[in-house]
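Thanks for coming. I will go through one model this morning, beginning with the whole chain and ending with a few single residues.

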Amino acid sequence: MDENTLDRLELYFTPINIEKINPNSVINFDLYIKMGRKFVLYKNRHLLIDRDDIGRLLHNAVDTLYIHIKDKKNFRTYLEDNVENLLKSEDVPIQKKAEILHDSAINVVEDIFDNPRSGPAIQRSKQIIGHTVDFILGSPQSFANLLRIRKHDFYTYTHSVNVCTFLVSLARELGISDKKDLKAIGEGGLLHDLGKSMVPSAIINKPGKLVKGEWEVMKKHPTYGVDLAKTTREINDISIIIIGQHHEKPGGTGYPGGLKSEELSIFANMASIVDVYDAITTNRPYSTARSPMDAAHFLLENKAEFNEKILLKFIKMLAVKKE
Ligand SMILES: [Fe+2]
């Protein structure tokens with residue numbers, strides 16, 4: 001062990017649970033342990049961490065390790081690279097698996113928004129969506145665990161991951177069981193706001209209501225998203241529908257097309273419900289999060305804006321899973 005101790009503020013280090021380390025993997029971040037008030041370098045990046053290392057740490061009652069905050073992105077990339085083994089492992093509890101999946105998905109979405117025309121990033125998203133579908137199908141507790149770790153602060157990335165989770169679960173609830181369809185729907189959820197990558201961040205992150213000109217730009221994000229999705233040529237048709245129609249409303253008052261209910265895809269109906277639900281149950285720059293119960297009431301009060309049958313199914317699903 002490197003004896004080089006660092007006496008830094010706790011602010012610079014973030015804890016990670018030892019269960020998130022895949023035994024026999026090479027780490028891409030420096031790993032620290034805490035001794036008293038000091039963070040001691042335990043293992044340098046690019047080194048192998050094996051089962052014996054983990055065994056020794058656990059034997060010494062060390063189950064929490066630390067990384068420097070500068071390595072947060074590297075750690076998420078490590079989780080994404082190791083997600084398959086970690087999800088398969090019987091040593092990792094389901095709650096930790098949900099966190100690993102969530103963080104891996106955030107990692108991918110972040111990279112897609114940075115570079116929305118990237119073929120490799122889209123391929124990575126397909127991997128993660130595959131794991132998400134398998135995870136949700138794998139156990140009745142999976143969705144509840146994914147709900148529990150849902151962050152209540154609004155960022156496009158976390159919102160995208162939440163919408164993906166809700167959509168796959170809602171699709172199952174509606175009787176869609178074909179894995180290919182569930183993955184296509186999940187992809188639509190993860191990428192539904194892809195077009196926001198083309199909207200200036202000053203508009204996306206504005207801490208207040210948008211003025212008319214800004215709102216006009218914002219309303220273009222579904223169209224931008226469809227254009228981007230079509231240029232990559234790797235995004236399925238269901239996703240493209242979700243990206244393009246997730247702000248449409250059955251009464252024809254939505255955007256960008258003002259489509260009427262008969263012109264709207266069922267996938268768009270599903271997406272618009274979960275999109276609004278996730279948005280109003282998270283803290284946004286101009287409004288605080290509603291409770292799940294409040295949000296359900298809000299959706300029911302505004303049921304004319306949604307497909308009512310699907311809305312009722314969604315609310316029932318949340319009640320059963322105790323969101
Ligand atoms: Fe949107």
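**Overall picture**

Of the 323 residues in this chain, 39% count as buried. Before going further: this is a predicted model.

The chain is divided into two parts, domain 1 covering 1-71 and domain 2 covering 93-321. Between the C-alpha centres of domain 1 and domain 2 there are 35 Å. In secondary structure, the chain has 14 helices and 7 strands.

On dimensions, the C-alpha trace spans about 65 × 40 × 40 Å along its principal axes.

Then the contacts. Counting those in the chain with a separation of 6 or more, 70% are between residues 24 or more positions apart.

**Helix packing**

Start with helix α4, residues 119-138, and helix α6, residues 156-173. They pack at an angle of about 50°, and their axes are 10 Å apart. That is why α4 and α6 are described as oblique to each other. Their crossing is right-handed. From α4, the contact is made by Ile129, Thr132, Val133 and Ile136; from α6, by Cys164, Thr165, Val168, Ser169 and Arg172.

Now the other partner of α6 on my list. Helix α3, residues 94-114, packs with α6 at an angle of about 120°, the axes being 9 Å apart. An angle of about 120° therefore makes α3 and α6 oblique to each other as well. Here too α3 passes α6 in a right-handed crossing. Which residues of α3 and α6 meet? On the α3 side they are His102, Ala105, Ile106, Val109, Glu110 and Phe113, and on the α6 side Thr156, Tyr157, Thr158, Ser160, Val161 and Cys164. Please note Cys164, which is listed in the contact with α4 and again in the one with α3.

The crossing of α7 and α11 is right-handed. In α7, the residues involved are Ala184, Ile185, Glu187, Gly188, Gly189 and Leu191; they meet Ile238, Ser239, Ile242 and Ile243 in α11.

**Backbone details in the loops**

Next, a few places where the backbone deserves a look.

Going on from α11, the loop between α11 and α12, the latter at 266-280, holds Pro256. Tyr255 and Pro256 are joined by a cis peptide bond, with omega about 5°.

For His46, phi is near 75°. His46 sits in the loop between β5 (38-43) and β6 (48-49). Is His46 buried or exposed? His46 is exposed, because 10 other C-beta atoms lie within 10 Å, and the cut-off for exposed is 12 or fewer.

The other is Ala61, whose phi is about 60°. Ala61 belongs to the loop between α1 (51-59) and β7 (64-68). Ala61 also counts as exposed, because it has 7 C-beta neighbours inside 10 Å.

Thr77 is in helix α2, residues 72-88. It has 18 C-beta neighbours inside 10 Å and so counts as partly exposed. Which residues is Thr77 in contact with, leaving aside its neighbours within four places in sequence? They are Asn28 and Asn107. As for Arg150, which is 73 residues from Thr77 along the chain, the C-alpha atoms of the two are separated by 20 Å.

Glu308 is in helix α14, residues 308-321. Glu308 is partly exposed, because 13 other C-beta atoms lie within 10 Å. Pro250 is 58 residues away from Glu308 in sequence, and their C-alpha atoms are 9.8 Å apart in space.

That is the end of my list; I will take questions now.

Conventions
Residues are numbered from 1 along each chain as its sequence is written. This is a predicted model: local features need pLDDT of at least 70, side-chain atom pairs count only at pLDDT 80 or more; totals for chains, interfaces and linings use all residues. Domain bounds come from an automatic or database domain assignment. Helices (H or I, at least four residues) and strands (E, at least two) are DSSP runs, numbered from the N terminus. A residue is buried if 20 or more other C-beta atoms lie within 10 Å of its own, exposed if 12 or fewer, and partly exposed in between; C-beta atoms are placed from the backbone. Two residues are in contact if their C-beta atoms, placed from the backbone, lie within 7 Å. Axes are lines fitted to C-alpha atoms, for helices over the stretch in contact, and angles run from 0 to 180 degrees between N-to-C directions. Angles under 35 degrees count as roughly parallel, over 145 as roughly antiparallel, 65 to 115 as roughly perpendicular and the rest as oblique. A crossing is left-handed if the near helix is turned anticlockwise from the far one by less than a right angle, and right-handed if clockwise.
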